[in-house]
Amino acid sequence: MEEIRGHLYLVPTPIGNLEDMTYRGVRILSEADYVAAEDTRHTRQLLNHYQIEKPLISYHEHNKEEKGDYLLSLLAKGKQIALVSDAGMPAISDPGADIANKAVKAGYEVTPLPGANAALTALIASGLDTREFTFIGFLPKRSVHARERLHEVAKYRGTLIFYEAPHRLKETLRILYEVLGDRQLTIARELTKRFESFWRGSLMALIEQPEQIVYKGEFVLLLSSCQEDELTSEKGQNQLLEERAVTPIESVLQLINTGMAKKEAIRQIAREQGLGRRDLYNAVEKALAEEEQA
Ligand code: SAM
């Protein structure tokens, strides 16, 4: 008889809207031998919604050592375990990374399911760079450690993504401003829920007028990269066009080669890279003229 190997499924659950549960997620939950959950009461409600009855195993930050061993012992017996967190992707700012890593190391099958995640959901509607980004998650609670962490990432290119609790939000915005300076900020609040909202502006504008947002619910903060920040000054724009002249211009030329109109290509690349349209237009014209002469 063929031996059944232990299998760990990492199953995302909705971050607010039940419709974001995937068909496959529901099927895996209903086929698993056990469901390991961060909060069993919360997950019981989700399972009830889909009329799934399964033995639940509590697995969270404070019992992950002992319960991790227990889950591994079940995998050793060939059991199928579905791991869920309270919301979103297990292992993203959630317990789950530990058992996923241990199961991989022990040679069990580990299958991730795609699904809801607050960081990426916020990113794609942030209006900021989506090609390069760094997920920071929660900053350390102590201000001195939060600052240290921010100094480490201050020169990262691309969008920075943070999670934050509502009662810490104002203080975190202040620390972000102090360490990283003024940047474009998007705040995604209550994603996929009834009061979903986005605030977009500069970090300083929100610090100066904090009443512009409601400090309740769940939040993702997204900051533009230091490079985009430099671009806000005219000097920065020209400097960047010179320093990386080839990149935005080449991107425009590539789009033109695919058949896109020049004006449209310039508009798209300027928007994507946070460049001034006119500066980019002039730079492209210059490059085209030089190409013609060559
Ligand atoms: N594993 C989850 C994921 O994949 O997004 C993240 C869990 S982490 C413990 C919880 C944090 O995620 C919240 O404090 C908030 O920063 C963010 N978050 C979760 N749901 C959200 C939502 N609906 N809207 C905005 N942020 C959310």
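How far is an oxygen atom of the ligand from a polar backbone atom of phenylalanine 219? The distance is 2.6 Å. The model is predicted: local features need pLDDT of at least 70, side-chain atom pairs count only at pLDDT 80 or more, and totals for chains, interfaces and linings use all residues. Residues are numbered from 1 along each chain as its sequence is written, and side-chain values use heavy atoms, with hydrogens and water left out.

- A nitrogen atom of the ligand lies 2.9 Å from a polar backbone atom of isoleucine 15.
- For isoleucine 92, a backbone N or O atom is 2.9 Å from a nitrogen atom of the ligand.
- On its own the ligand has 580 Å² of accessible area (Shrake-Rupley method, 1.4 Å probe), and the protein covers 90% of that area.

**Shell around the ligand**
- Around the ligand there are 19 residues (a heavy atom within 4 Å), of which Met89, Asp94, Asn117, Tyr163 and Phe219 come nearest.
- The shell holds 11 nonpolar, 3 polar and 5 charged residues; Ala, Val, Leu, Ile, Met, Phe, Trp, Tyr, Cys and Pro count as nonpolar, Asp, Glu, Lys and Arg as charged, and the others, Gly among them, as polar.

**Position between domains**
- Because domain 1 (7–116) and domain 2 (119–223) both give residues to the shell, the ligand lies between them; the domain bounds come from an automatic or database domain assignment.

Note on methods. Polar contact = N/O pair within 3.5 Å; in protein donor to acceptor, adjacent residues only side chain to side chain.
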